[in-house]
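Hi,

Here is the structure I said I would pass on. Have a look at it first, and then read my notes below.

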Amino acid sequence: MNKMLRQSLVAYRQPLCETIVDCPAPRGTQVLVRIERCGVCHSDLHLQDGYFELGDDRRLDITKDRPLPFTLGHEIAGVVEAAGEQAEGASIGRRVAVYPWIGCGKCAACDAGEENLCSAHRHLGIAADGGFATHVLVPHPRYLLDHAPLSPDFAGPLMCSGLTAYAALRHLGERAERGPVLLIGLGGVGIMGLSIARALFAEPPLVADIDAEKRKTALACGAAAAYDPADPQARRAVTAATGGLLGVCDFVGSDKSLQFATGVLARGGKVVVTGLLGGTFSMAAAMFAIKAMTIEGTLTGTLAEARELLDLARAGKVAAIPTRERPLSQAQAALDDLRAGRVVGRTVLAPDG
Ligand SMILES: [Zn+2]
Ligand SMILES: [Zn+2]
């Protein structure tokens, strides 16, 4: 029997720890994927902590329904190694990205194709064992997406940071055609958003980040202008340059980022929030009507959106983001670097690295 190595969450707020078990044998529609790469995402930090920061010292506990040891990691690309007898199309050796936002298949959200919003979900690396490992068990071949000619380094992160950014940009709708959009926060999702916005929209986007290094990277990646939202003049500068914006994506999700986002909106503008940093945001209620403002949250994206994004990327329209490869054994060090803000672009773990 093949062994499966994992960098496991064995206790919340404790370092990951190597565990070794027998590889699961896929049954029915299940597919066993040997992992080539798994991206490290900011939400892995929240999962390791076991809570989300809600602001005012309040926390959302997220330790329930996750038996330990547990395998984090949801930006997976790999190779089909074994498949159950009903796993049609999962030919051995097929190189795939794994759509991780897997639902129960029975609820209204799943019926509507929104498995990412399922309340009884089996999201890989969130509720079911994920990709900080040599192998992952996928419940059905429909979640396997071909990614050639893209590298697994790029295809894995497309399944979370890429998909989150893509869905957020799509949710701006036709507003994104009527002027430049603003992307706030240039972490893994934001820098991917920049790359995707360049592929989707005629005008290059504006960006905002408090980190000068990240602003520099964004300008090198084609942003039209970069602002420091901590600069008290920044809001006025954006408004003066654009007359106010119709579309803003907030990839940070804090009180400060939302204040900046709503502060630069034109009438009829929309903010799409994907970030989970934390804090409490308040605004005069009358401003919703006075500015005809929309604030909308999105959570990753649907399987259909994942296919659209992969089509776009496979056609060569999405520039690859800066990526650093590290061996799986350095999973904890990669998380530590991400927490300390030392990461530009994406880190991917390689089990054989
Ligand atoms: Zn993620
Ligand atoms: Zn469901």
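A word on naming before anything else: a helix here is a DSSP run of H or I that is at least four residues long, and helices are numbered from the N terminus. Bear in mind too that this is a predicted model.

With that in hand, take Gln259, which sits in helix H7 (residues 255-263). Its relative accessible area is 38%, so Gln259 counts as partly exposed. If you set aside the neighbours within four places in sequence, Gln259 touches Arg235 and Phe281.

Now the metals. Cys104 is one of the ligands of the zinc ion (ligand 2), along with Cys107, Cys110 and Cys118. Along the chain, the donors are spaced as C-x2-C-x2-C-x7-C. What is the arrangement of the 4 donor atoms around the zinc ion (ligand 2)? It is tetrahedral, because the angles they subtend run from 103 to 117 degrees. For reference, the ideal angle for four tetrahedral donors is 109.5 degrees. Of these cysteines, I also looked at the accessibility of Cys110: the value is 11%, and since buried means under 20%, Cys110 counts as buried.

The zinc ion (ligand 1) has another set of donors: Cys41 (SG), His74 (NE2) and Cys160 (SG), at 2.0 to 2.2 Å. Here the spacing reads C-x32-H-x85-C. His74 comes from the loop between strand S5 (58-61) and strand S6 (75-83), while Cys160 belongs to helix H3 (residues 152-171), so this pair ties together parts that are 86 residues apart in sequence. Both His74 and Cys160 are buried. Water is not among the atoms, so a site may look incomplete.

Last, a helix pair. The axes of helix H1 (residues 42-49) and helix H10 (residues 331-339) come within 10 Å and cross at roughly 105 degrees. That angle makes H1 roughly perpendicular to H10. On the H1 side, the contact is made by His42, Asp44, Leu45, Gln48 and Asp49, and on the H10 side by Gln332, Leu335, Leu338 and Arg339. By type, the residues of this contact split into 3 nonpolar, 3 polar and 3 charged.

Cheers

How values were computed: Residues numbered from 1 in each chain as written. Chains lettered and ligands numbered in written order. Predicted model: local features only at pLDDT ≥ 70, side-chain atom pairs only at ≥ 80, totals over all residues. Heavy atoms only, no water. Axes fitted to C-alpha atoms, helices over the stretch in contact; angles between N-to-C directions. Helix = DSSP H or I, 4+ residues; strand = E, 2+ residues; numbered from the N terminus. Parallel < 35°, antiparallel > 145°, perpendicular 65-115°, else oblique. Contact = heavy atoms within 4.5 Å. Nonpolar A, V, L, I, M, F, W, Y, C, P; charged D, E, K, R; others polar. Donors = N, O, S within 2.8 Å, 3.2 Å for Na, K, Ca; no water. Tetrahedral: all angles 85-135°; square planar, octahedral: opposite > 155°, others 65-115°. Buried < 20%, exposed > 50% of the residue type's maximum accessible area, 1.4 Å probe, protein only.
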